Amino acid sequence: MKKLVSLLKGNETEFENVPGAQGDLAIFSRNLSGLSTTIGSGFKHLKKATIDWELKYDEVVYVISGEMFIIEGDRKMEAKEGDLYFLNEGAKVTYGTDSEVRFLYSLYPINWREIN
């Protein structure tokens, strides 16, 4: 029988390097892998790092600690602990931090590679 509720322990989270990232540290987790067929989620931890990205899905980013920025075109939006970004499919952004940040990301749909 399929589990309807799951608990993911933060101290059991496995991280891997973010492909294409520039800087001191850029790691991420894929916490919902295998749990959902519709939504993806995980954590990112960056130190003096940037990532260029084109979104093929909608994404929410919640800043857990530290500060970060997202640049879209000529607009730089800065966020700190407790702030939330919403990014629409198709956005071309650079995101990162000049210091250190930990954030939760969630994306929909999880199968964006298959449908794009």
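Predicted model: local features only at pLDDT ≥ 70, side-chain atom pairs only at ≥ 80, totals over all residues.
Residues are numbered from 1 along each chain as its sequence is written, and side-chain values use heavy atoms, with hydrogens and water left out. On a 1 Å grid over the protein atoms alone, a pocket is an open set of points with protein on both sides within 12 Å along at least five of seven lines, a cavity is a set of points where a 1.4 Å probe fits but cannot get out, and lining residues have an atom within 4 Å of a point. Grid points are joined across faces, edges and corners, and a volume is the space filled by probe spheres set on the points.

Of the 18 residues that line the largest pocket, F28, R30, Y105, L107 and R113 lie nearest its centre. Strand β3, strand β7 and helix α1 (112–115) each supply at least two lining residues, and the largest share, 4 residues, comes from β3; helices (H or I, at least four residues) and strands (E, at least two) are DSSP runs, numbered from the N terminus. By class, this lining has 11 nonpolar, 3 polar and 4 charged residues, where Ala, Val, Leu, Ile, Met, Phe, Trp, Tyr, Cys and Pro count as nonpolar, Asp, Glu, Lys and Arg as charged, and the others, Gly among them, as polar.

The second largest pocket, with a volume of about 150 Å³, is lined by I70, E72, R75, M77, Y85, F86, L87, N88, A91 and V93. Here β4, β5 (75–80) and β6 (84–87) each supply at least two residues, and β6 gives the most, with 3 residues. The lining of this second pocket divides into 7 nonpolar, 1 polar and 2 charged residues.

The count of cavities of 30 Å³ or more comes to 1, and about 60 Å³ of space lies in the largest cavity. By class, the cavity lining has 8 nonpolar, no polar and 2 charged residues.

Turning to the region around strand β7, L104 lies in this strand, which spans residues 92–108, and is partly exposed, with a relative accessible area of 30% (partly exposed lies between buried, under 20%, and exposed, over 50%, with a 1.4 Å probe and protein chains only).
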